[in-house]
Amino acid sequence: MQILAQDALASGLQRETIVVFRNLRKDYGALTVVPDFSLEIRRGELVCLLGPSGCGKTTTLRMLAGFISPTSGEILIEGQNVTRVPAYRRDVGIVFQNYALFPHMTVAKNVEYGLVNIGMKRQERASRVQDMLRRVELQHLAERYPRELSGGQQQRVALARALALQPKVLLLDEPFSNLDAQLRVRLRDDLHSLIRNLKMTTLFVTHDQDEALTLADRIVVMNKGAAEQVGSPEEIYDAPATRFVAEFVGQCSLLEGQILDGGEFRTDDGLKLPAFGQVGKATAVIRPENVKKAREMPGVPARRARIETSGYHGALTRLQLRLGGSKLIMDTQFPVGQKPKPGEQIDIAIDPVAVRFVPPVQ
């Protein structure tokens, strides 16, 4: 599916398209990893390729970097066809999973490395290195070696090295995968701020939905080498186009049934919900936050559900519920000491406006 850069900025002006993937395909013998991938990325946009391991997202990124040659299709950067152009001539910066720092070089020398290769003068190099290290808050570690740094610091050095060349496109291949959870969140926020300040066109690869939802302007959910859905984080989460997207991005309850004439969805065991969509078999997608306590939604039919499990998640309690033959996930809050226990019952209401319907699995 081709995504066209036609949406305008608030000012009424359109952002220039920087990267174009056109009918890209990659085969390894009889195995097709990427069957037909098309996408356009606009200047200053952060696009995330999101999907499970083996879905083709890293292969797609490495084709843009020039490390892998596509079997067919085209890649354009600023209008130039770079499909067969060597990696070192594509003007892209890349940060790998393992950072790929030179162990025998100091932090400053690692950042300077690419600038030496392009023949930048010494004084200009020194200024650029100092600026990049300041931006990633590592100027005080300029003379240390990678082995003397934490994982988070190494990641920031790799980022500074990629940005020092001021590339047309920044490529990030799961850059936080080797970090612990708390550090991932902090560096993710730092990276987001830095990329925004630099207005850097960025393609980011991850299997982590939270990273994608937090960082991206647009998310490309990939499945078996194809773009299952492309949209803003809000569109991907609130209006999934397929069951795969609904299940992969966030938690949800999936109810199988039929949309009937008159705007009603009915499950096999008789649960009824208002529905808008084509008559026939469908799957209802219900996010946990859209299952409410009945008293919170006056005017919506109350339903009595049995609690199967109750898990504490800090500000929220996650309940696994049984409603007739259907299972529901509910995220809600309870006063201290009043969290219900498995086996107890609770009156709930399902927000009818928030329910989405996707085609059933064929």
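A charge is taken to sit over a ring if NZ of Lys or CZ of Arg is within 6 Å of the ring centre and within 35 degrees of the ring normal. Select Arg147 and Tyr145: the charged end of Arg147 sits over the ring of Tyr145, 4.9 Å from the ring centre. Then select Lys26 and Tyr28, where the charged end of Lys26 is placed over the Tyr28 ring, 4.9 Å from its centre.

The model is predicted; local features need pLDDT of at least 70, side-chain atom pairs count only at pLDDT 80 or more, and totals for chains, interfaces and linings use all residues. Residues are numbered from 1 along each chain as its sequence is written, and side-chain values use heavy atoms, with hydrogens and water left out.

**The whole chain**

Display the C-alpha trace, which spans about 75 × 50 × 45 Å along its principal axes. The protein contains eight helices and 20 strands; helices (H or I, at least four residues) and strands (E, at least two) are DSSP runs, numbered from the N terminus. Of its 362 residues, 49% count as buried. Buried means under 20% relative accessible area, exposed over 50%, and partly exposed in between, with a 1.4 Å probe and protein chains only.

**Two polar side chains**

Move to Ser38 in strand β2 (residues 31-42). Ser38 has a relative accessible area of 4% and is therefore buried. A polar atom of its side chain lies 2.8 Å from the backbone nitrogen of Asn23.

Next, select Thr83, in the loop between β5 (80-81) and β6. Is Thr83 buried or exposed? Its relative accessible area is 7%, so Thr83 is buried. The Thr83 side chain makes a polar contact with the side chain of Asn81, at 2.6 Å. A polar contact is a pair of N or O atoms within 3.5 Å; within protein, one must be able to donate a hydrogen and the other to accept it, and residues adjacent in sequence count only if both atoms are side-chain atoms. A polar atom of the Thr83 side chain also lies 2.9 Å from the backbone nitrogen of Ile75.

**The pockets**

Rolling a probe the size of a water molecule over the atoms shows where empty space is left. On a 1 Å grid over the protein atoms alone, a pocket is an open set of points where a 1.4 Å probe fits, with protein on both sides within 12 Å along at least five of seven lines; lining residues have an atom within 4 Å of a point. Grid points are joined across faces, edges and corners, and a volume is the space filled by probe spheres set on the points.

Select Tyr88, Val92, Tyr113, Gly114 and Leu165, which lie nearest the centre of the largest pocket among its 21 lining residues. The volume of this pocket is about 660 Å³. At least two lining residues come from each of β6 (92-95), α2 (107-117) and α4 (151-164). The lining comprises 15 nonpolar, three polar and three charged residues. In this division Ala, Val, Leu, Ile, Met, Phe, Trp, Tyr, Cys and Pro count as nonpolar, Asp, Glu, Lys and Arg as charged, and the others, Gly among them, as polar.

For the second largest pocket, select Arg135, Val136, Glu137, Asp190 and Leu194, the nearest to its centre of 13 lining residues. Two or more lining residues are given by each of α3 (122-135), α4 and α5 (181-198). Which element supplies the largest share of this lining? Helix α5 does, with six residues. The second largest pocket holds about 210 Å³ of space, and its lining divides into five nonpolar, three polar and five charged residues.

**Aromatic pairs**

The structure holds six aromatic pairs. Rings of Phe, Tyr and Trp (its six-membered ring) pair if their centres lie within 6.5 Å; planes under 30 degrees apart count as stacked, over 60 as edge-to-face and the rest as tilted.

Select Phe102 and Tyr113: their ring centres are 4.6 Å apart and their planes at 55°, so the pair is tilted. Because Phe102 lies in the loop between β6 and α2 and Tyr113 in helix α2, the pair ties together parts that are 11 residues apart in sequence. Phe102 is partly exposed, at 25% relative accessibility, and Tyr113 is likewise partly exposed, at 34%.

Proceed to Phe265 and Phe357, a tilted pair with 5.1 Å from centre to centre and 50° between the planes. This pair links distant parts of the chain, 92 residues apart: Phe265 is in strand β12 (residues 264-267) and Phe357 in strand β20 (residues 356-358). Phe265 is buried, with a relative accessible area of 0%.

**Last stop**

Finally, select Pro274 in strand β13 (residues 272-274). Pro274 is partly exposed, with a relative accessible area of 42%. Its C-alpha atom is separated by 9.1 Å from that of Gly262, 12 residues apart along the chain.
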